[in-house]
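Have a look at the model first, then read on.

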Amino acid sequence: MFRERGQTVPKAAKEARAVQKPRDRERARSRGRRCSVTGTPLLLCCYLAYLALGTSVFQALESSAARDSKEGSKSDNWTSLLNYTCLDRQALDRLIRDIIQRYKSGVIFPSNTTSMGRWELAGSFFFSISTITTIGYGNLSPQTMGARLFCIFFALLGIPLNLVLLNRLGRLMLFWVQRWALWLGGAQKNQARARWYAGSFALFSGLLLFFLLPPILFSSMEGWSYEEGFYYSFITLSTVGFGDYVIGMDPGRRYPVWYKNLVSMWILFGMAWLALIINLVISLLESSIVLCPCSRRNPCRTWGSTEDTNHHKSKIIPGNSGGNPTHS
């Protein structure tokens with residue numbers, strides 16, 4: 001009798017520990033999710049503070065050089081060119097190079113105006129965020145050696161910070177989508193359908209906020225067509241950044257101060273959402289039977305459960321009708 005009790009007690013303890021382990025894992029996961037959710041505002045504040053540092057430094061180093069370039073555009077060389085209607089090949093080449101160089105500095109000839117204050121507060125902030133997000137339009141670059149050296153160290157620390165923030169924002173978006181799916185599944189008593197509804201809503205809301213509505217703003221502020229604005233949205237959020245379309249480059253338009261700041265925040269959250277979608281597409285491609293080299297004998301089931309794996313083993317091993325694999 002005592003032997004039976006001694007044998008049943010360890011079995012009960014093992015069963016209790018087996019039940020407790022998944023609960024502990026779920027609690028640890030929930031704690032990690034709560035920590036990531038609460039730590040995201042602090043990380044975002046650090047990110048904005050780092051952008052403010054880059055904005056102030058770039059504005060201090062490049063604004064004086066831009067003013068000197070603007071004053072140099074009023075020299076006798078520029079005014080004398082207006083009196084000549086015929087230039088030889090070398091003079092025309094020098095003229096074109098000079099115009100390109102001054103255009104990169106923010107000077108528009110012959111009106112001598114700057115396009116939305118390229119190295120002012122909004123322009124420097126937009127340059128900072130386009131640098132650490134690795135978009136790199138190529139329409140604006142530092143001209144002074146101090147700004148170039150600072151840009152190296154600024155990008156060296158800012159690019160990892162940007163990747164960490166994008167990862168954290170993507171997890172935060174996924175966390176709220178999962179919570180909404182759990183609430184919706186409890187209301188409808190169908191978890192699979194609730195996950196499908198939540199994923200579809202997250203996909204279409206992201207498309208609306210980051211791809212379908214911004215071209216309307218770009219059309220009104222830049223004079224682009226809707227197709228051009230949509231093209232600019234994807235090229236920017238995917239960090240391709242060809243530079244053929246850049247906001248705030250028309251010298252004949254007046255842009256409000258909030259315009260580039262709003263576009264900068266749109267770039268940040270839009271890149272986080274697009275990175276989440278790209279990761280989902282990558283996982284679906286990697287779990288595809290067509291792309292898997294062992295597609296027939298051992299298909300990759302990234303999204304599958306252990307029950308699917310056991311069912312697959314029972315099909316492979318002859319004479320095994322159950323879900324547990326046989327051992328020889």
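In this predicted model, α6 and α9 pack at an angle of about 145°, with their axes 10 Å apart. Axes here are lines fitted to C-alpha atoms, for helices over the stretch in contact, and angles run from 0 to 180 degrees between N-to-C directions. Because the model is predicted, local features need pLDDT of at least 70 and side-chain atom pairs count only at pLDDT 80 or more, while totals for chains, interfaces and linings use all residues. Residues are numbered from 1 along each chain as its sequence is written, and side-chain values use heavy atoms, with hydrogens and water left out.

**Helix α6 against α9**
- α6 passes α9 in a left-handed crossing (the near helix is turned anticlockwise from the far one by less than a right angle).
- On the α6 side, the contact (heavy atoms within 4.5 Å) is made by Ala202, Leu203, Gly206, Leu207, Leu209, Phe210 and Phe211.
- The α9 partners are Trp266, Phe269, Gly270, Trp273, Leu274 and Ile277.
- By class, this contact has eleven nonpolar, two polar and no charged residues; Ala, Val, Leu, Ile, Met, Phe, Trp, Tyr, Cys and Pro count as nonpolar, Asp, Glu, Lys and Arg as charged, and the others, Gly among them, as polar.

**Helix α7 against α9**
- Helix α7 (residues 214-222) packs on α9 at an angle of about 155°, with the axes 13 Å apart.
- That angle makes α7 roughly antiparallel to α9 (angles over 145 degrees count as such).
- This crossing, too, is left-handed.
- α7 brings Pro214, Leu217, Phe218, Met221 and Glu222 to the contact, and α9 brings Tyr259, Leu262, Val263 and Trp266.
- Eight nonpolar, no polar and one charged residues make up the contact of α7 with α9.

**The largest pocket**
- About 1,400 Å³ of space lies in the largest pocket; a pocket is an open set of points on a 1 Å grid where a 1.4 Å probe fits, with protein on both sides within 12 Å along at least five of seven lines.
- Its lining (residues with an atom within 4 Å of a point) counts 38 residues, and Leu174, Val177, Gln178, Leu276 and Leu280 are the closest to the centre.
- α5 gives the largest share of this lining, 13 residues.
- α1 (2-72), α5 (145-188), α6 (191-212) and α9 (257-286) each supply at least two lining residues.

**The second largest pocket**
- The second largest pocket has a volume of about 200 Å³.
- Among its 18 lining residues, Phe127, Ser130, Tyr137, Asn139 and Leu140 lie nearest the centre.

How values were computed:
Grid points are joined across faces, edges and corners, and a volume is the space filled by probe spheres set on the points. Helices (H or I, at least four residues) and strands (E, at least two) are DSSP runs, numbered from the N terminus. Angles under 35 degrees count as roughly parallel, over 145 as roughly antiparallel, 65 to 115 as roughly perpendicular and the rest as oblique.
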